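Welcome! Please take a moment with the sequence and the 3D view below, and then we can walk through them together.

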Amino acid sequence: MDQRDGWIWFDGELKPWKDAKVHVLTHGLHYASCVFEGQRAYGGEVFKLREHTDRLIASARDLDFTIPYSADQIDEACRQVLAANELTDAYMRPVAWRGSETISVPARENTVHLAIATWVWPSYFSTEEKLKGIRLMWAKWKRPSPETIPCKAKAAGLYMICTLSKHAAMDAGYADALMLDYRGLVAEATGANVFFVKGNEIHTPTPDCFLDGITRRTLIGLAKANGYTVIERHIKPDELGQFEECFLTGTAAEVTPVSEIGDYRFTPAKACRTLIDAYAEAVQPKRAAAE
Ligand code: PMP
């Protein structure tokens with residue numbers, strides 16, 4: 001990943017991709033003082049850019065540091081790096097971290113850095129292919145309580161259990177893992193939120209200890225606009241047998257139907273198809289009618 005051509009926005013300037021490096025004594029690397037975003041550009045515009053930028057700034061604040069750029073400056077930097085790489089449809093990764101001036105737990109004096117990379121990460125599957133659904137395994141790791149960690153932040157440290165769970169799932173032949181929370185309630189997949197369909201109702205876990213995804217919120221709006229009743233509530237794992245369809249949502253995953261979670265089976269059908277199409281339509285930039 002570090003040997004590509006292209007440009008990375010790094011602390012206010014565009015650097016050649018291969019030169020965008022940090023020191024080994026970086027606080028963010030040792031103590032996880034690091035937050036990031038994942039966002040996608042469609043047709044040259046980043047979908048819900050300001051929401052992603054606001055979440056990045058809020059995540060840093062949750063980790064007790066301040067990104068030294070305004071939301072306007074960060075938005076502009078995202079557009080700049082997309083243009084410099086001559087990309088219109090791409091994934092983008094802004095990342096902010098504490099630097100290397102001191103290497104001990106306290107780090108208030110360390111410089112806060114911001115970098116933004118972008119690369120092509122298409123959704124390779126057609127709607128028909130997606131509708132086969134992916135297989136999920138239950139994760140052994142649980143999402144921690146809000147009293148244990150700032151669980152609303154999109155923070156590097158929270159991804160340790162995601163990587164472990166995803167590796168375990170892949171080793172066992174599954175596409176991903178579904179994590180429970182510290183109370184044993186259904187939480188989320190390793191990089192996406194989860195929804196369940198029962199007739200005209202769509203149920204999704206209340207995001208009180210995991211990321212309230214921007215795609216998740218978009219999907220709730222789209223589901224309501226398509227006539228579904230959306231219910232956010234605590235969902236116990238043994239309730240999954242009552243649902244007919246299941247899907248994941250996330251910036252990278254977009255809307256991904258699920259066919260299997262442990263012993264439960266789902267058949268992606270009308271709701272998945274409707275919402276895949278509605279999301280694909282929603283992410284396209286809205287050009288003025290006169291254009
Ligand atoms: N949960 C986790 C753990 C994630 O990494 C992501 C992807 N950012 C999501 C949920 C979905 O969030 P969003 O829709 O904002 O991409």
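Which of the 14 residues around the ligand come nearest? They are Gly-213, Ile-214, Thr-215, Gly-250 and Thr-251, where a residue counts as near if its C-beta atom, placed from the backbone, lies within 6 Å of the molecule.

Before going on, please note that this is a predicted model, in which local features need pLDDT of at least 70 and side-chain atom pairs count only at pLDDT 80 or more, while totals for chains, interfaces and linings use all residues. Residues are numbered from 1 along each chain as its sequence is written.

Helix α6 (214-225) and strand β14 (245-250) each supply at least two residues of the shell around the ligand, and α6 gives the most, with three residues. Helices (H or I, at least four residues) and strands (E, at least two) are DSSP runs, numbered from the N terminus.

Now to a pair of helices: α2 (residues 49-62) and α3 (residues 71-84) pack at an angle of about 120°, with their axes 10 Å apart. The contact involves Leu-49 and Arg-50 of α2 and Ala-71 and Ile-74 of α3, among others; being in contact means that C-beta atoms, placed from the backbone, lie within 7 Å.

Here is how the two sets of residues divide:

Finally, the whole protein chain has seven helices and 16 strands, and its C-alpha trace spans about 55 × 50 × 30 Å along its principal axes.

Notes. Axes fitted to C-alpha atoms, helices over the stretch in contact; angles between N-to-C directions. Contact = placed C-beta atoms within 7 Å.
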